[in-house]
Amino acid sequence: MDKPKVLITHPIPRIGIELLKERYSVTVLESKYPLEPAFLREKIRGYEGLITLLMDRVDEPLLAAAEHLKVVANHAVGYENIDVDAVKRHRVMATNTPGVLTHATAEIAFALVICLTRRILEADRYTREGRFTVWDPLLLRGDELHGKNLGIIGMGRIGFEMARRCRAFGMNILYYSRNRAAEEKEKAVEAVYCGLDELLEQAHVVSLHVPSTSETRRLIDSAAFDRMRDGVYLINTARGEIVDEAALIKALKRGKVKGAGLDVYEFEPEVSPGLFEMENVVLLPHIGSATIEARNRMSETAARNVIAVLEGERPPNPIPELANLF
Ligand code: NAP
Ligand code: GLV
């Protein structure tokens, strides 16, 4: 009997590919990325397993073309690229990679805070330009974190780890989330649960950690910026569409927002040109989970999810909406 076939839309760390190759016939696409939907619809025919990245849309037309497909394993924790109703209709399991990238992403969010508040990139440019000629008490003064308020929006896995890091630096933790966090989590970081408006009014640093859903898109719009303290810092390592990027640029221009640290963009991979012109923003190319450790674990997790389904077992990481369905 022919081995089941697994398609991977883009090269991923080898560990997951090797695991799959022990059992299945594996094809890794090396085509220009992002893939054209029509190209992927053509390729998917005959495959039982599919590993996708965030830019691959898993929607009705793709699933209709994939008559043998049993599992889509997203190589990411976020899965807004997957049409959940469509996978349910087609009885295709969808999985993600929760937990294995939590520390990596919290580390990059924290790095952005320090970069902005201590003006690290400006200082680096200043030194490289040969302008460091004397120690100057007025030079490149930033903001101290100790004693300031961090507002976490979305106290899940990454939000909590971000809170831990900031608490270790003496920040006070406020958070807003759909549900209140477990008591031991709150205690661990001395976090105070509050409403979104209160958080926006109190926080010196606002850090976003909610998924992209119909409820969170443009959660941070011009009205939200108006509520914030003057001179607030905004960190977004969650998803670009949670922030109205045009409103952010206006808020940066008028000094309402003193600095923004962005790993993700509203029109990703496009970056609003206004952002390039600003000294007080740090712009990263969506590298929240880009550590060797996290990316290896993501690759292995995606592969193990595929293997479980193709072997007729429950996958370790079904997306939450499918957890009780199959
Ligand atoms: P998570 O553990 O599910 O945390 C998300 C939190 O947001 C949960 O506490 C959830 O509440 C809360 N939430 C959901 N909808 C909400 C709403 N409408 N209002 C308020 N709170 C809401 O997920 P995670 O692993 O921390 O990841 C969070 C997100 O980070 C991912 O979805 C992904 O988009 C992004 N991410 C980005 C990178 C990167 O490379 N930049 C890397 C990893 C993840 P409940 O507890 O009630 O579910
Ligand atoms: C990355 O952005 C992820 O959601 O894993």
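Me: What should I know about the model before reading values from it?
Reply: The model is predicted: local features need pLDDT of at least 70, side-chain atom pairs count only at pLDDT 80 or more, and totals for chains, interfaces and linings use all residues. Residues are numbered from 1 along each chain as its sequence is written, chains are lettered from A and ligands numbered from 1 in the order in which they are written, and side-chain values use heavy atoms, leaving out hydrogens and water.

Me: How many helices and strands does the chain have?
Reply: Helices (H or I, at least four residues) and strands (E, at least two) are DSSP runs, numbered from the N terminus. Here there are 13 helices and 12 strands.

Me: What does the radius of gyration say about the chain?
Reply: The radius is taken over C-alpha atoms, and the globule rule is 2.2 Å times the number of residues to the power 0.38. The chain's value is 22 Å, close to the 20 Å that the rule gives for 326 residues, so the chain is as compact as a globular protein of that length.

Me: How many of the residues are buried?
Reply: Buried means under 20% relative accessible area, with a 1.4 Å probe and protein chains only. Buried residues are 49% of the 326 in the chain.

Me: Where are the polar contacts of ligand 2?
Reply: With a ligand, look for a pair of N or O atoms within 3.5 Å. Oxygen atoms of ligand 2 lie 2.8 Å from a backbone N or O atom of Gly78, 2.7 Å from a polar side-chain atom of Arg239 and 2.6 Å from one of His286. Taken alone, ligand 2 exposes 190 Å², of which the protein buries 87%; such areas come from the Shrake-Rupley method with a 1.4 Å probe.

Conventions: Polar contact = N/O pair within 3.5 Å; in protein donor to acceptor, adjacent residues only side chain to side chain. Buried < 20%, exposed > 50% of the residue type's maximum accessible area, 1.4 Å probe, protein only.
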